[in-house]
Amino acid sequence: MTLDKSNLILNTENTLRILALHGKGGSGPSFHRTLDPIFKQMSKKYSLSDKKIDTSLNDAQIAAQIIECDCLTAPYPEGKWWEQVPPGSRSYNAESYQGYTASAELVKKALDSQSLDKVKYDVLLGHSQGAILIASMLANKDLTVDNTPPLLMLNGVAWPNPFSKQLEDLVFGYPSKVETSYGNNSMEHNQQRKALFIIGESDDINPIQGAIEVRDKLQKAGIDVSTIFHSGGHSLPTENETVVQSIVQWVATHKTELSA
């Protein structure tokens, strides 16, 4: 996968900004490396204006100038966003997530700091426990129309069992049509929020039925959902070129809608 560097140019106003949450056992830097193949493909979608990019840069360096990704690191040992209670339980059957509040505050702080600078993330991406954190924050209204990026991506998500009722009852948005400004556009809140679920049919970590249930509840809540199924397992399928191209196309299509 090599970028065509001949006419590649950069407009900072069109930079794609991503906030990413790794899975259990990971870290911000390691997750950034995992995402590199997707970033390289995403950067092909942006032949923008204003500033020439140095064509002597390698593909990863060019992608870094076009795509800004902040990968948070979970606050608990062993790369965990929380501890399941009781010990030995899984996220999809745990009674509670010990440490959830601190992790949610870490994500909210990152989103709020961007708002203060009038720079918003385009994408909130989560893998495994990071994806479950996104679902949990939506369920608990820690992610609302006021701080949720317009595009959500969830890979390897599971049902957030401690927050089952909250997710079942979730309505995302305001009771009536309320306008908000994003970039240079004004649009209805719910029209901004789109979620892509990436589901491995051979996932032996989190049952895929849980991912489908989360997807269906978010759709019922008012979020526009899409799904990519693939034959792989739990990991983000960065080596599957067909899946990567589908992810990139989904982001590019909706990013273009937001920038129009």
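Which residue in strand 8 is the bridge partner of Val123? The partner is Leu151.

**Figure 1. Overview of the protein chain in the predicted model.** The chain has eight helices and 12 strands. It is made of 260 residues, and 52% of them count as buried. Among contacts with a separation of 6 or more, 79% come from residues 24 or more positions apart.

**Figure 2. Strand 8 and the strands paired with it.** Strand 7, residues 123-127, runs parallel to strand 8, and five bridges join the two. One of these links is that of Val123 to Leu151. The chain passes from strand 7 through helix 4 to strand 8, and this β-α-β crossover is right-handed. Strand 8 is also joined to strand 11 by five bridges, again in a parallel arrangement. Here Leu152 has Ala195 as its bridge partner in strand 11.

**Figure 3. Side chains of strand 8.** In a regular strand the side chains alternate between the two faces of the sheet. Leu151, Met153 and Asn155 point one way from strand 8, while Leu152 and Leu154 point the other way. Are these residues buried or exposed? Residues of both sets are buried, and strand 8 as a whole is mostly covered, with five of its five residues buried.

**Figure 4. Helix 4, a mostly covered helix.** In this helix, 11 of its 11 residues are buried. Among them are Gln129, Gly130 and Ser136, along with Ile132, Leu133, Ile134 and Leu138. Just after the helix, Lys141 takes a positive phi of about 65°.

**Figure 5. The largest nonpolar core and the contacts of Leu138.** This core has 44 residues, and those with the most contacts inside it are Leu138, Val157, Phe197 and Leu218. Strand 2 (16-21), helix 3 (100-116), helix 4 (129-139), strand 8 (151-155), strand 11 (194-200) and helix 7 (208-221) each give two or more residues to the core. Which of these elements gives the most? It is helix 4, with eight residues. Leaving aside neighbours within four places in sequence, Leu138 is in contact with Leu143, Thr148, Leu152, Leu170, Phe172, Leu218 and Ile223. A second, separate core has 26 residues, including Leu16, Ile18, Ile67 and Cys71.

**Figure 6. The stacked pair of Trp82 and Tyr97.** The structure holds three aromatic pairs, this being one of them. A pair of aromatic rings is described by the distance of the centres and the angle of the planes. The ring centres of Trp82 and Tyr97 are 4.1 Å apart and the planes are at 0°, so the pair is stacked. Trp82 lies in the loop between strand 4 (67-72) and strand 5 (83-85), and Tyr97 in strand 6 (residues 96-98), so the pair ties together parts that are 15 residues apart in sequence. Both Trp82 and Tyr97 are buried.

**Figure 7. The tilted pair of Tyr100 and Phe163.** The two rings are 5.0 Å centre to centre, with 50° between the planes. Tyr100 is in helix 3 and Phe163 in the loop between strand 8 and helix 5 (164-168), so that the pair links distant parts of the chain, 63 residues apart. Tyr100 counts as buried at 7% relative accessibility, and Phe163 is buried with a relative accessible area of 11%. Ring pairs link Tyr100 and Phe163 with Trp82 and Tyr97 into a cluster.

Key:
Residues are numbered from 1 along each chain as its sequence is written. This is a predicted model: local features need pLDDT of at least 70, side-chain atom pairs count only at pLDDT 80 or more; totals for chains, interfaces and linings use all residues. Side-chain values use heavy atoms; hydrogens and water are left out. A nonpolar core is a set of buried Ala, Val, Leu, Ile, Met, Phe, Trp, Tyr and Cys residues joined through side-chain atoms within 4.5 Å. Buried means under 20% relative accessible area, exposed over 50%, partly exposed in between (1.4 Å probe, protein chains only). Helices (H or I, at least four residues) and strands (E, at least two) are DSSP runs, numbered from the N terminus. Contact means heavy atoms within 4.5 Å. Rings of Phe, Tyr and Trp (its six-membered ring) pair if their centres lie within 6.5 Å; planes under 30 degrees apart count as stacked, over 60 as edge-to-face and the rest as tilted. Two strands pair if DSSP finds at least two bridges between them. A crossover is right-handed if, with the strands pointing away from the viewer, the path from the first strand over the helix to the second runs clockwise.
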